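User: I would like to learn how to read the features of a structure from its coordinates, one feature at a time. Please give me the general idea first and then the case at hand.

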Amino acid sequence: MREDTVQELQLELEVPAQMEEREREVEEEERGEEEMEQPPCTLTESGPQGLIQGKDLFGYVGIEAVLDQMRRKTMKAGFEFNIMVVGQSGLGKSTLVNTLFKSKVSRKSCTPNYEEKISKTVHLQSVSHVIEEKGVKMKLTVIDTPGFGDQINNENCWEPIVSYVNEQYEKYLREELHVNRKRRIPDSRVHCCIYFLPATGHRLRPIDVEFMKRLGKIVSIVPVIAKADTLTMEERQDFKQRIRQDLQVNGIRVYPQREYDEDTEDRILNDKIRESIPFAVVGTDKEHQVNGNKVLGRKTKWGIIEVENVAHCEFANLRDLLIRSHLQDLKDVTHNIHYETYRVRRLNESNANGMALSPLSLENGTLDKSETDSHL
Amino acid sequence: MENSSTNSRFRSSLFNHDDEDQDKEYVGFATLPNQVHRKSVKKGFDFTLMVAGESGLGKSTLVNSLFLTDLYKDRKLLNAEERITQTVEITKHTVDIEEKGVKLKLTIVDTPGFGDAVNNTECWKSVADYIDQQFEQYFRDESGLNRKNIQDNRVHCCLYFISPFGHGLRPLDVEFMKALHEKVNIVPVLAKADTLTPSEVKKKKFKIREEIEQYGIKIYQFPDCDSDEDEEFKQQDQELKDSIPFAVIGSNTVVEAKGRRVRGRLYPWGIVEVENSAHCDFVKLRNMLVRTHMQDLKDVTRETHYENYRAHCIQSMTRMVVKERNRNKLTRESGTDFPIPTGPGLADTETEKLIREKDEEVRHRAEHGHGHDHQHGHDLNNEHVHEHNHGHDHEHEHGHEQHQDPHVEHEAHSEHHPPYPEGS
């Protein structure tokens with residue numbers, strides 16, 4: 001034992017020496033000499049987190065090629081993205097979705113006998129398309145919610161939506177718990193919910209608060225100010241500020257949620273976004289000529305509102321957020337956070353009820369669908 | 001020459017003769033409109049305008065733009081939590097405007113909270129009740145003894161704001177208008193029209209007009225112009241009718257456009273001018289409301305809506321009387337526990353005294369016979385006036401006192417007596 005300790009001591013003594021040696025080597029490298037020196041091939045810590053910097057390697061390993069492999073695989077497999085649009089009728093939901101994805105993907109464009117009638121109940125309809133761009137395929141599903149907020153009595157009009165979102169989680173959960181799982185579980189979970197606020201210029205309405213409170217807990221909500229071409233710039237700023245205040249006062253968390261920022265870089269980026277939500281958007285599918293260019297816009301007697309001009313409206317910001325920068329993040333947040341929350345809740349519930357929700361019980365059919373539904 | 005001079009003399013004498021004739025034939029009542037004009041100018045006008053619609057549709061801004069005042073200076077916007085518990089309020093702002101010696105007492109009735117809650121069932125009830133209350137108040141005043149200074153608080157016109165964000169009328173819009181179209185002149189207005197392109201405006205107007213007809217909503221109809229009006233006037237009139245609902249934009253601010261200062265809204269993509277008829281129908285609405293149809297709105301309120309209310313009121317009163325009389329016939333109870341529609345704040349002793357007075361008179365008349373329809377009508381003018389004034393007690397009392405035949409006669413009288421001559 002004494003020997004051991006001595007050995008340990010010796011080791012301890014040695015390590016600093018080795019460290020100094022390595023540091024010298026690193027310094028030599030930095031002086032621009034070639035990496036012909038043999039680095040110590042110890043498996044002990046050579047840095048704070050076991051990180052071997054690329055410049056420490058004495059040859060090209062090709063780790064970065066994994067990115068290419070990933071890219072190729074995902075391109076072959078394609079992405080899935082499920083977006084839900086919620087808001088009163090006539091707020092431009094279908095038009096905005098079409099403008100976002102530059103194709104006719106909304107329910108309005110796809111139903112042959114589409115009539116703009118106000119439906120008596122809230123029912124959800126989803127339409128799927130596969131969009132391709134530069135070899136990348138995306139299966140886009142747009143879930144529409146006609147009838148939301150249109151009636152005289154809108155109490156509980158959010159319930160069908162809450163049930164839908166939870167149903168999708170349930171479906172995924174079951175697939176996950178299956179003994180024979182599919183290679184790629186079809187993902188119908190709602191990745192993003194765009195909530196349309198009418199441009200009143202005042203504040204959040206009671207129905208907005210009720211909806212976002214409930215759904216902010218289970219899905220990523222992105223609130224937008226619809227048909228914002230009725231607000232001047234000042235009115236827009238005031239309105240946004242009041243909305244942000246209302247959101248805070250009511251404890252509503254919208255995407256991007258502050259708690260899920262992974263590092264400072266994310267935080268800075270997301271803070272900028274958080275300062276400008278909700279985005280004031282204008283949507284259209286018509287093009288006009290402005291200064292010799294064809295632009296997407298709305299032509300009125302007093303000017304042309306250019307949809308993609310950031311001085312006019314924030315459509316471009318919304319598009320960048322949803323598609324160009326945070327699409328994968330939306331999916332991740334849905335999968336890692338919202339879905340996991342749901343899963344934990346369900347598993348706890350089923351454990352508490354003595355019916356463990358496990359692959360075994362599912363396969364044996366001891367857990368009926370009706371039983372699990374009642375736990376929701 | 002001489003002839004001519006004699007002629008002229010002759011003519012002049014003729015002329016004089018004509019003049020005298022003219023004097024004899026000229027009565028001079030062609031100056032009546034001027035007299036009326038002078039009196040009205042002295043008296044001043046009053047007008048009550050109600051604005052209704054969801055929050056955030058620009059009602060306050062439009063009112064300020066219409067009358068170039070700032071009636072809503074220190075208004076506080078309620079947040080969502082406060083709004084959850086709020087019920088629909090009725091607020092009144094009165095302002096005296098004078099222009100070129102003509103005074104207008106303008107009252108704006110606002111309905112904050114309308115359509116804001118999650119559950120808006122019957123949120124129009126307080127609005128309908130308010131209108132009925134004003135009618136009732138006028139009814140009493142008109143039936144009262146001192147009719148010199150009756151204050152006319154009846155709502156002359158209701159601007160209903162339809163949201164431009166929807167696809168036409170919403171269920172709430174339909175319900176509101178149907179509940180109120182027989183109480184007040186409804187003028188539908190398409191709010192915040194600067195969010196619509198010209199073709200969208202056209203489509204929406206068409207759709208809204210269609211739906212108004214489909215649901216049987218009776219909005220205010222512009223009177224047809226006489227067939228002898230000139231073409232330009234007729235064309236303007238037709239344009240006005242075709243512009244319903246008026247697509248309006250309001251503004252509290254003055255902006256600089258093409259070197260002029262105009263009321264408008266400044267956007268990065270252009271300036272919307274409120275008073276430019278190519279931009280919106282604000283000018284049409286203002287002209288209609290203030291310059292051309294204000295008197296007609298008041299007349300329709302007085303002749304149609306108020307009379308409807310009155311007839312309805314009287315009918316329900318007589319129905320109650322009949323019911324009670326029938327009940328008494330069966331039970332032979334004393335009639336002092338009638339469900340009397342009570343007037344506001346009347347002393348009971350006063351009522352009882354008047355009731356007793358009336359009973360005496362009625363017994364008198366019953367003895368004297370029933371043939372005095374016309375006279376009855378006139379006499380009862382005052383009597384009925386008293387009745388109404390004191391909470392409609394007397395009808396019941398009459399019913400109580402008289403027996404079979406006089407009952408019927410009395411009913412006949414009260415149902416068929418001529419409408420009151422208009423007081424104002």
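**Cavities**

Analyst: Six cavities of 30 Å³ or more are counted by the rule used here, where a cavity is a set of points, on a 1 Å grid over the protein atoms alone, at which a 1.4 Å probe fits but cannot get out. Grid points are joined across faces, edges and corners, and a volume is the space filled by probe spheres set on the points. This is a predicted model, in which local features need pLDDT of at least 70 and side-chain atom pairs count only at pLDDT 80 or more, while totals for chains, interfaces and linings use all residues. Residues are numbered from 1 along each chain as its sequence is written, chains are lettered from A and ligands numbered from 1 in the order in which they are written, and side-chain values use heavy atoms, with hydrogens and water left out.

User: What is the volume of the largest cavity, and which residues that line the largest cavity are the closest to its centre?

Analyst: The largest cavity has a volume of about 260 Å³. It is lined by 26 residues, a lining residue being one with an atom within 4 Å of a point, and the closest to its centre are Gln88(A), Arg205(A), Glu54(B), Gly115(B) and Arg170(B).

User: How many helices and strands does each chain have?

Analyst: Helices (H or I, at least four residues) and strands (E, at least two) are DSSP runs, numbered from the N terminus. Chain A has 12 helices and nine strands, and chain B has 14 helices and nine strands.

User: How much of each chain is buried?

Analyst: A residue is buried when its relative accessible area is under 20%, with a 1.4 Å probe and protein chains only. Of the 376 residues of chain A, 44% are buried, and of the 424 residues of chain B, 45% are.

User: How should I read a pair of aromatic rings, and how many aromatic pairs are there over all chains?

Analyst: A pair of aromatic rings is described by the distance of the centres and the angle of the planes. Rings of Phe, Tyr and Trp (its six-membered ring) pair if their centres lie within 6.5 Å, and planes under 30 degrees apart count as stacked, over 60 as edge-to-face and the rest as tilted. A search of the whole structure gives 15 such pairs over all chains. For Phe148(A) and Phe211(A) the ring centres are 5.0 Å apart and the planes stand at 70 degrees, so this pair is edge-to-face. Phe148(A) lies in the loop between strand 3 (136-144) and helix 5 (159-177) of chain A, and Phe211(A) lies in helix 6 (residues 206-215) of chain A, so the pair ties together parts that are 63 residues apart in sequence. Both Phe148(A) and Phe211(A) are buried.

User: What is the geometry of the rings of Tyr195(A) and Phe211(A)?

Analyst: The centres of Tyr195(A) and Phe211(A) are 4.8 Å apart with planes at 15 degrees, so the pair is stacked. Tyr195(A) belongs to strand 4 (residues 192-198) of chain A and Phe211(A) to helix 6 of chain A, so parts 16 residues apart in sequence are tied together. Tyr195(A) counts as buried, at 0% relative accessibility.

User: Which residues form one aromatic cluster, and over which faces does Arg154(B) lie?

Analyst: Phe135(B), Tyr138(B), Phe139(B), Tyr306(B) and Tyr309(B) form one aromatic cluster. A charge sits over a ring if NZ of Lys or CZ of Arg is within 6 Å of the ring centre and within 35 degrees of the ring normal. Arg154(B) lies over the face of Tyr138(B), at 3.6 Å from the ring centre, and also over the face of Tyr306(B), at 4.7 Å from the ring centre.

Definitions and conventions
Buried means under 20% relative accessible area, exposed over 50%, partly exposed in between (1.4 Å probe, protein chains only). On a 1 Å grid over the protein atoms alone, a cavity is a set of points where a 1.4 Å probe fits but cannot get out, and a pocket is an open set with protein on both sides within 12 Å along at least five of seven lines; lining residues have an atom within 4 Å of a point.
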